[in-house]
Amino acid sequence: MSDYLKLLYHRALSAGDPALLQVSFDAAVLDRYRERPEFSVIRTNTAGRVRKQGGWSVDFGIAEGDAIVHVSWQYVEHSLPEDERDHWASHAAGVVSENYVRMQMAPGSCFDDGDVRTW
């Protein structure tokens with residue numbers, strides 16, 4: 001993990017402010033905007049922007065290999081229109097424990113996740 005990412009998480013956790021935390025998406029999330037003339041999608045080597053003509057825009061980071069883009073929670077919350085959020089959610093990417101996520105979504109539910117052991 002880069003020093004900048006460590007610093008970003010340190011600041012977010014210390015301040016209790018998730019605004020800068022990054023949410024990752026498959027780069028295919030941008031395909032629908034490339035296909036429509038009212039949108040522009042531009043980039044440099046490591047950052048880009050999707051912009052609706054006369055409307056909203058969202059800046060994003062481009063991870064190594066161009067397969068993943070990432071956006072701060074702040075941009076999702078304040079810049080991405082509600083009617084676009086389902087589309088972005090359908091392209092969510094990241095390495096997580098699916099069972100843990102299920103546990104977070106249904107607290108108190110029972111999940112068979114193997115024997116408890118020390119680590």
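Does D66 count as buried, partly exposed or exposed, and what is the relative accessibility behind that class? At 42% relative accessibility, D66 counts as partly exposed, where buried means under 20% relative accessible area, exposed over 50%, and partly exposed in between (1.4 Å probe, protein chains only). The model is predicted, so that local features need pLDDT of at least 70 and side-chain atom pairs count only at pLDDT 80 or more, while totals for chains, interfaces and linings use all residues. Residues are numbered from 1 along each chain as its sequence is written, and side-chain values use heavy atoms, with hydrogens and water left out.Five salt bridges are found in a search of the whole structure, a salt bridge being a side-chain nitrogen of Lys or Arg within 4 Å of a carboxyl oxygen of Asp or Glu. One of them joins R43 to D66, with the closest N and O atoms 3.0 Å apart; because R43 lies in strand β2 and D66 in the loop between β4 and β5, the pair ties together parts that are 23 residues apart in sequence. R43 is itself partly exposed, at 46% relative accessibility. Another salt bridge links E84 with R32 at 3.9 Å between the closest N and O atoms, and this pair connects distant parts of the chain, with E84 in helix α4 (residues 82–89) and R32 in helix α2, 52 residues apart. E84 counts as buried at 6% relative accessibility, whereas R32 is partly exposed, with a relative accessible area of 28%. Helices (H or I, at least four residues) and strands (E, at least two) are DSSP runs, numbered from the N terminus.

Strand β2 (residues 39–43) pairs with strand β3 (residues 47–52) in the antiparallel sense over five bridges, pairing being assigned if DSSP finds at least two bridges between two strands. R43 stands opposite G48 in β3, and a hairpin of three connecting residues joins β2 to β3. Strands β3 and β4 also run antiparallel, joined by five bridges, and R49 has D59 in β4 as its bridge partner. Four residues lie between β3 and β4 in their hairpin, where G54 in the turn has a positive phi of about 70°.

Apart from residues up to four places away in sequence, V69 touches several residues, among them F25, L30, F60 and I62, contact meaning heavy atoms within 4.5 Å.
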